[in-house]
Amino acid sequence: MDSTKKLMVGIFVGGCLLLFGVGLFLIGNSNQLFTKSFQVYAEFKKITGIQNGGKVRVAGMDAGTVVRIEVPTHPEGKFRIYFKIIEKLHPLVRQDSEVTIQTDGLLGNKYLQIDAGTSFSAPARENAMIHGKEPFDWGDLMDQISVTVKEVNGILLHVKDQLSATLVQVESAVKSANLLMIDARPHVNSILASAKDISADLHEIIDGVQEGRGTVGALFKDEKLYASVKRSVDQTEVAVNHLRDATASAKKVVAKVEDSEIVPEVQRTVKNLQQITRQVKDAVEKFEAAGGDGGASENLQRTLAGAREAMSDLSDNTEALKHNFFFKGFFRRRGFFDLGALNVTEYRNPRFGKDFKQYRLWFATEDLFRKDAGGAEVLSAQGKAKLDEAMTQVLAFPRNGPLILEGFASDGTVSQQYLAGRRRAVRVQAYIVDQFRLRPAYVGVISLGSDAAFNKTAKDGVGLVSFYK
Amino acid sequence: MPDPAVAFDAVSKSFGSKEVLKNVTFSIAAGTAFVLLGRSGSGKSVMLKIICGLLKVDSGSVAVHGNEITKLDSQQLAETRRHMGFLFQSAALFDSLSVGENVAFPLRRNTRKTDAEIREQAKDLLQKVGLDGEYDHAPSQLSGGMRKRAGLARALAMEPSILLIDEPSAGLDPITSTEIDQLLVDIKTKHHATLVVVTHNIPSARRIADQMAFLEDGHLVAQGTLKELEQNENQLVRDFLKSQQAG
Amino acid sequence: MKSSEAALEWFGGMSIFSGQVLRQSFARPVELTELLKQTFEIGWRSSPLIILSGLAVGGVLSIHTRATLERFGAESMIPTALAFAVVKETGPLVAALLISGRVGAGIGAELGGMRVTEQIDALESLAVDSFKYLVITRVLACVVALPLLTVLMNFSGLAGGFLAETMISGMSFSFYFHAAFSSLGFSDYIPPTLKTMVFGFIIGTVSCHLGYNATGGAEGVGRAATQSVVLSSMFLIIVNVILVKFIFFLYPGAG
């Protein structure tokens with residue numbers, strides 16, 4: 001055994017031990033064993049898989065580890081998670097910091113995320129509690145949405161029943177009341193339509209998400225997507241809040257209608273009508289007079305306008321949701337975003353409905369409409385029969401694409417043409433939606449004015465285009 | 001009367017079902033050269049290993065200088081072995097050491113001499129067996145006779161009182177064989193050592209032996225001087241001694 | 001005798017031999033010079049083999065890991081995944097198997113040769129405890145060298161992984177090693193490294209047992225060498241399963 005061999009054994013043993021030590025040091029370093037740290041805790045009802053030794057991040061930076069977890073002693077208790085954070089990040093951890101349980105990527109380990117507090121608050125003390133925000137749960141959100149939607153539906157139905165009962169009475173009884181109602185009706189209709197839209201869309205979104213269709217599958221592969229999903233969830237929460245507001249407004253509408261003097265007034269009017277025809281006019285005049293100086297009718301109108309506004313807010317939010325990438329796949333699969341927002345340019349774009357087959361029908365104005373006493377066009381009995389016949393054909397095709405009603409008119413200025421065309425299409429829409437119980441979201445209206453792309457000779461009428469696959 | 005150097009008393013030894021020694025009794029006086037004769041595989045080498053304590057007997061007892069070798073603990077056994085030298089049939093030099101270090105090995109293990117002293121002594125030993133200048137060679141570079149001589153030098157290193165030698169002339173030419181035999185006789189006379197030699201080479205036995213014994217089928221069939229054995233009533237013994245007289 | 005009986009008898013002999021090794025390992029005096037010599041043979045002489053194999057294994061693992069993780073866009077996980085694979089299992093096991101091949105065969109052949117040429121008897125005749133001198137020193141050297149060689153294997157494996165990775169993606173050295181060690185805990189590092197002491201004990205005892213008790217001339221020596229490799233590899237793979245389970249039992253978090 002000469003000395004060179006001894007030296008080599010020394011190099012071998014020493015070198016390997018040194019490497020081992022380097023490994024120990026690197027691991028210890030990454031576990032913050034050698035840095036000064038302080039300990040705090042947070043409480044959670046659910047800990048969703050946090051373990052001893054789990055990572056802690058302060059504002060995204062690796063900052064420490066979970067030291068120990070105390071299990072609650074009774075069902076109402078909370079888990080207490082003790083963790084330590086390196087001293088360097090102490091200035092960020094304030095008494096108003098918030099701890100959440102997060103997942104590293106979508107499938108990674110759970111870790112604790114501590115949001116930096118505000119400078120108004122004192123730094124967290126050693127062994128102090130930091131407020132823990134319960135983990136977000138998709139299931140909870142979905143439950144919340146569906147409960148709210150049900151509630152809204154119930155209220156809307158209630159409103160509808162109340163209103164239509166009242167309106168029917170009013171309409172059949174008093175001409176002048178009819179005028180008022182004609183004024184109010186678009187408001188109410190549009191509230192109902194958009195409420196239906198919203199609840200239908202939400203239903204479909206929830207269904208889609210629950211079945212894991214569309215982008216949801218892809219979701220589980222990308223962290224960026226994950227972040228966006230969280231944003232969209234926040235938006236959904238906002239939307240739900242809006243929906244609540246809308247519900248409250250709708251409740252108010254009902255209350256107002258119930259409280260207001262409309263019902264008893266109308267009833268009295270009806271009685272009067274039944275007794276003395278002569279007195280009807282007086283009653284109407286009186287009623288109109290009441291409306292003139294800020295009485296019940298103005299009140300109702302204002303309320304309805306308010307409700308409509310609230311509903312359109314909600315529409316905007318669901319609209320944003322639709323264009324959010326998360327649900328984009330869903331709407332793309334459906335083939336269109338929102339038929340209500342369809343404009344001529346979009347409609348004329350060859351890409352519109354390119355995945356669908358089309359079935360077209362043409363109805364001339366004179367076949368569909370008659371003039372009522374006020375000169376407005378209303379659907380004639382003959383027209384309704386024609387539509388019934390046509391729809392029977394259309395409904396023979398699969399109902400998986402939109403139904404578009406194109407309104408045409410050739411009299412007057414361009415804007416008059418547009419409005420007249422739109423009115424015609426809307427009348428037909430209202431009729432077939434009601435008659436055939438179609439989902440309004442699937443029946444779109446577009447006014448093409450005097451643009452006679454459909455038929456060179458016929459410039460007045462309604463075109464019915466059914467898209468299907 | 002002093003204790004005999006080696007004494008076997010009713011020793012039996014078997015390997016598996018094969019009995020190698022059957023109730024063997026004899027003794028070797030100190031300072032004599034004792035030659036064990038017998039046919040190949042008659043158990044002669046086993047007797048050497050039993051004397052050295054490398055093999056344990058099944059029954060009977062073996063005493064070396066009056067100490068029963070079967071009852072010694074490991075330390076006493078090691079102490080006894082320090083006074084023995086063993087030359088193996090194949091010399092059994094350590095392949096991992098040079099020839100000189102092989103000879104120096106027992107000195108390094110069992111004495112407190114300095115490195116220089118040990119080297120000097122090992123060189124002397126090598127010179128004694130006619131291997132001067134081979135100190136740094138590897139055992140594999142030596143011929144059979146040279147290896148045997150190096151083995152002898154190693155066995156002599158501790159100046160043993162009992163020298164156990166297994167086939168000193170096996171595989172060697174007659175001249176080399178004669179040289180080694182002469183060396184053994186010299187050692188016996190100079191150091192008053194007891195020689196226990198196992199061989200089936202009769203000329204070699206004649207040159208060395210004071211006393212002889214003949215082992216056949218596990219039994220010690222004859223014992224005595226060369227003269228006595230030549231007169232032995234056993235035909236086999238007489239034939240054996242005659243057969244190699246020329247060789 | 002039936003072969004199963006023979007196997008059991010061999011295993012019994014092996015167990016007694018191991019017991020003797022354990023008992024004598026702590027008995028004085030220690031054959032220090034010989035122990036250093038064997039550490040040199042088993043440790044130092046094996047390091048080039050271990051380093052080269054480590055580089056190759058690490059590189060190949062890294063390439064495969066990349067191919068898989070790339071699909072999920074998780075390339076930044078490569079150092080972590082590789083560190084887990086190498087430090088927890090591949091490093092210790094591959095090092096042990098390589099050493100069982102190189103050293104096991106060596107010990108089996110060397111001791112077998114010494115046995116059949118009576119060198120072991122010669123040692124005994126020179127008042128040397130051959131068991132302590134030959135067996136204990138080799139087993140101890142294996143027990144000492146294996147964890148050290150495993151560390152060498154781990155680091156050269158990570159280095160090999162780094163070379164392969166940096167050639168493809170140009171990942172920086174400091175990021176690579178920081179990422180590699182950041183997810184490892186002590187329980188992922190220390191027990192798997194120290195468990196190779198058991199592997200070393202198995203390699204040392206099995207091959208010493210086969211060599212020390214070899215019979216049958218040159219052929220017997222060859223058999224001892226071959227069986228040393230076969231049996232020690234087999235035993236250490238089986239024992240590894242038990243050890244992994246045991247470590248998991250001691251450190252549940254290490255899974």
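## Helix α13 of chain A

This is a predicted model, where local features need pLDDT of at least 70, side-chain atom pairs count only at pLDDT 80 or more, and totals for chains, interfaces and linings use all residues. Residues are numbered from 1 along each chain as its sequence is written, and side-chain values use heavy atoms, with hydrogens and water left out.

An α-helix has 3.6 residues a turn, so residues three or four places apart point the same way.

The helix, a DSSP run of H or I with at least four residues, covers residues 414-436. Its 23 residues reach 32 Å from first C-alpha to last, close to the 33 Å expected (1.5 Å times one less than the number of residues). Just past its end, A:Arg437 has a positive phi of about 50°.

## Where chain C meets chain A

Chain C and chain A each put 23 residues into the contact (heavy atoms within 4.5 Å). Together they bury about 2,200 Å², 85% of it on carbon and sulfur atoms; that's accessible area (1.4 Å probe) lost on being put together, summed over both parts. On the chain C side, C:Trp44, C:Leu148 and C:Phe186 lose the most area, together 28% of what that side buries.

As for salt bridges (a Lys or Arg side-chain nitrogen within 4 Å of an Asp or Glu carboxyl oxygen), the count is 0.

Terms used
Chains are lettered from A and ligands numbered from 1 in the order in which they are written. Helices (H or I, at least four residues) and strands (E, at least two) are DSSP runs, numbered from the N terminus. Buried area is the accessible area (1.4 Å probe) that two parts lose on being put together, summed over both.
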